[in-house]
Amino acid sequence: MSSTELPETRTAAAKQAPRIRDVRVAEGEELRSVVLPGLTLTVRARPGTRPGLPPALFVHGLGGSSQNWSTLMPLLADVVDSEAVDLPGFGDSPPPDDGNYSVTGHARAVIRLLDAGGRGPVHLFGNSLGGAVATRVAAVRPDLVRTLTLVSPALPELRAQRTAWPTALLAVPGVASLFARLSRDWTPEQRVRGVLSLCYGDPGRVTDEGLLHAVEEMERRLELPYFWDAMARSSRGIVDAYTLGGQHGLWRQAERVLAPTLLVYGGRDQLVSYRMARRAAAAFRGSRLLTLPDAGHVAMMEYPETVAQAARELISDQGGS
């Protein structure tokens with residue numbers, strides 16, 4: 001899966017879907033667009049506090065974006081030079097030309113980004129879908145990964161929680177468009193509050209400013225013509241990945257990961273069961289496990305200081321490089 005493609009960095013939005021409005025960029029962050037054949041990726045960078053720090057790459061979950069890492073990245077700015085990618089069809093990245101939203105397709109996009117930019121090996125972080133993607137990247141391209149940090153990774157469960165069923169149903173053809181029609185009268189704030197109640201252990205931890213930013217982002221996403229298609233196809237990609245066996249199965253690939261790994265699980269996670277923590281710790285050889293009883297699905301947003309400290313220790317024990 002290696003690539004010798006060189007990235008093209010653009011400040012304009014050429015060849016992308018029409019922009020309804022700009023995405024939010026926090027103070028200290030930079031956005032750039034990386035154009036590869038058949039693929040355009042938006043990358044959110046948080047430069048390290050000094051030159052020469054090792055690179056890190058952050059991969060978000062289903063329905064998320066690089067903004068999901070904006071709280072954690074500053075806390076690691078003294079140990080890594082951070083970049084967070086918007087997966088194809090999410091955040092500010094347009095859909096891929098080939099329409100491939102499978103876990104393998106997303107992993108290939110991450111690999112192409114790393115190969116093209118020459119930043120590997122990186123300290124690789126992934127949440128939910130991004131955790132499955134990062135697992136696949138680490139398994140098939142160990143040369144690109146220094147350490148691996150997974151927050152509630154979307155790895156196959158035999159008995160998924162009932163609260164996760166609606167997300168899985170998005171994979172069924174026609175369900176996403178049906179839900180879009182049924183919920184067309186919902187306000188962006190109602191949608192955001194629903195997402196927060198599903199993803200946070202305690203939605204009350206979200207500040208008024210954070211809620212405002214989330215609503216603004218939801219308004220922007222709903223104006224994108226491919227929003228529901230990207231959600232449905234990526235959901236289908238997760239379900240398909242869960243059914244794969246043999247060497248392509250995610251649990252088999254977890255066993256092949258050589259990079260030192262940190263696993264983070266939330267006790268109130270409604271999408272990835274807390275009980276999967278023990279299985280994951282056994283699958284990833286020599287892994288470290290951080291369990292947060294009060295956290296939900298996005299511990300890096302709910303308890304960023306705790307997650308940052310654990311990641312810092314992992315990176316430090318590898319010599320920071």
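## Overview

The structure is a predicted model, in which local features need pLDDT of at least 70 and side-chain atom pairs count only at pLDDT 80 or more, while totals for chains, interfaces and linings use all residues. Residues are numbered from 1 along each chain as its sequence is written, and side-chain values use heavy atoms, with hydrogens and water left out.

## Burial and contacts

Of the 321 residues, 54% count as buried. Buried means under 20% relative accessible area, exposed means over 50%, and partly exposed lies in between, with a 1.4 Å probe and protein chains only. The protein exposes about 14100 Å², of which carbon and sulfur atoms supply 52%; accessible areas come from the Shrake-Rupley method with a 1.4 Å probe, and for residues only the protein chains shown count as cover.

Among contacts (heavy atoms within 4.5 Å) with a separation of 6 or more, 76% are accounted for by residues 24 or more positions apart.

## Aromatic rings

Four aromatic pairs are found in a search of the whole structure. Rings of Phe, Tyr and Trp (its six-membered ring) pair if their centres lie within 6.5 Å; planes under 30 degrees apart count as stacked, over 60 as edge-to-face and the rest as tilted. One of the pairs joins phenylalanine 58 and tryptophan 69, which are tilted at 50° between the planes and 5.2 Å centre to centre. This pair links distant parts of the chain, eleven residues apart: phenylalanine 58 belongs to strand 4 (residues 55–59), and tryptophan 69 to the loop between strand 4 and strand 5 (81–85). Phenylalanine 58 is buried, at a relative accessible area of 0%, and tryptophan 69 is buried, also at 0%.

Phenylalanine 227 and tryptophan 228 form an edge-to-face pair, 5.0 Å centre to centre and 75° between the planes. Here phenylalanine 227 counts as buried at 13% relative accessibility, whereas tryptophan 228 is partly exposed at 22%. One aromatic cluster consists of Phe58, Trp69 and Phe125.

Helix 11 (residues 304–317) has 14 residues, which at 1.5 Å a residue should span 20 Å; its end C-alpha atoms are 20 Å apart, in agreement. The expected span is 1.5 Å times one less than the number of residues. Its buried residues are Pro304, Val307, Ala308, Ala310, Ala311, Leu314 and Ile315. They lie on the same side of helix 11, because they cover an arc of only 165° around the axis; the arc is that of the directions from the helix axis to the C-beta atoms.

The face turned away from the buried side carries the exposed residues Glu305, Ser316 and Asp317. The buried residues of helix 11 pack against strand 6 (122–127), strand 7 (145–151), strand 8 (261–266), strand 9 (288–292) and helix 10 (299–302).

Helix 2 (residues 129–140) is mostly covered, with eleven of its twelve residues buried. Among the buried residues are Leu129, Val133, Arg136 and Val137. Their cover includes strand 4, helix 1 (103–117), strand 6, strand 7, helix 7 and helix 8 (250–256).

In helix 6 (residues 208–222), 15 residues reach 21 Å from first C-alpha to last, close to the expected 21 Å. The buried residues of helix 6 include Leu211, His213 and Glu217, and its buried residues pack against helix 5 (188–199) and helix 7 (227–243).

Methods. Helix = DSSP H or I, 4+ residues; strand = E, 2+ residues; numbered from the N terminus.
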